[in-house]
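Here is a short briefing on a protein model. Please look over the sequence and the structure before reading on.

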Amino acid sequence: RQMCILREVMPPGSDTGDTMLSHDGEEGGVIVQGKVEITVGDVVRVLGPGESYYFESRKPHRFRNVGKGDAILVSASTPPTF
């Protein structure tokens, strides 16, 4: 397999941790519900339903639910990490 596709649910206030992630590959996804703050390098964006993202995973990155309810996103990454 060359790709991993996930449906992710992030409870309010959750994030991927204080340490930025970095690994080989590429990531992309779409926000289905809620608001997700995505940091890639020095760029920070808050995305909502219907908005999408794409970046090279070697760049330090982090995800954080900044909304009041669950955030749901569908993501894809290559190579698969899960």
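In which sense do strand 2 and strand 5 pair, and over how many bridges? Strand 2 (residues 26-33) and strand 5 pair in the antiparallel sense, over five bridges. The model is predicted.

**Strand 5**
- Gly28 has Tyr54 in strand 5 as its bridge partner.
- Tyr53 and Phe55 form the covered face of strand 5.
- Ser52, Tyr54 and Glu56 form the uncovered face.
- In a regular strand, side chains alternate between the two faces of the sheet.

- Three strands make an open sheet in the order 4-3-6, with antiparallel pairing.
- Strand 4 (43-47) and strand 6 (61-65) are the edge strands, and each pairs on one side only.
- Neighbouring strands of this sheet are turned by 15° against each other on average, direction ignored.
- Strand 3 and strand 4 run antiparallel and are joined by five bridges.
- Val36 stands opposite Leu47 in strand 4.

**The nonpolar core**
- The largest nonpolar core has eleven residues: Met10, Ile31, Val36, Ile38, Val40, Leu47, Tyr53, Phe55, Phe63, Ala71 and Leu73.
- Strand 3 (36-40), strand 5 (52-56) and strand 7 (71-78) each give two or more residues to this core.
- Strand 3 supplies the largest share, three residues.
- Both Val36 and Leu47, which stand opposite each other, belong to this core.
- Tyr53 and Phe55, from the covered face of strand 5, are core members too.

**Contacts of Val40**
- Val40 touches Phe55, Lys59, Pro60 and His61, leaving aside residues up to four places away in sequence.
- Val40 and Phe55 are both part of the largest nonpolar core.

How values were computed: Residues are numbered from 1 along each chain as its sequence is written. This is a predicted model: local features need pLDDT of at least 70, side-chain atom pairs count only at pLDDT 80 or more; totals for chains, interfaces and linings use all residues. Side-chain values use heavy atoms; hydrogens and water are left out. A nonpolar core is a set of buried Ala, Val, Leu, Ile, Met, Phe, Trp, Tyr and Cys residues joined through side-chain atoms within 4.5 Å. Buried means under 20% relative accessible area, exposed over 50%, partly exposed in between (1.4 Å probe, protein chains only). Helices (H or I, at least four residues) and strands (E, at least two) are DSSP runs, numbered from the N terminus. Contact means heavy atoms within 4.5 Å. Two strands pair if DSSP finds at least two bridges between them. Axes are lines fitted to C-alpha atoms, for helices over the stretch in contact, and angles run from 0 to 180 degrees between N-to-C directions.
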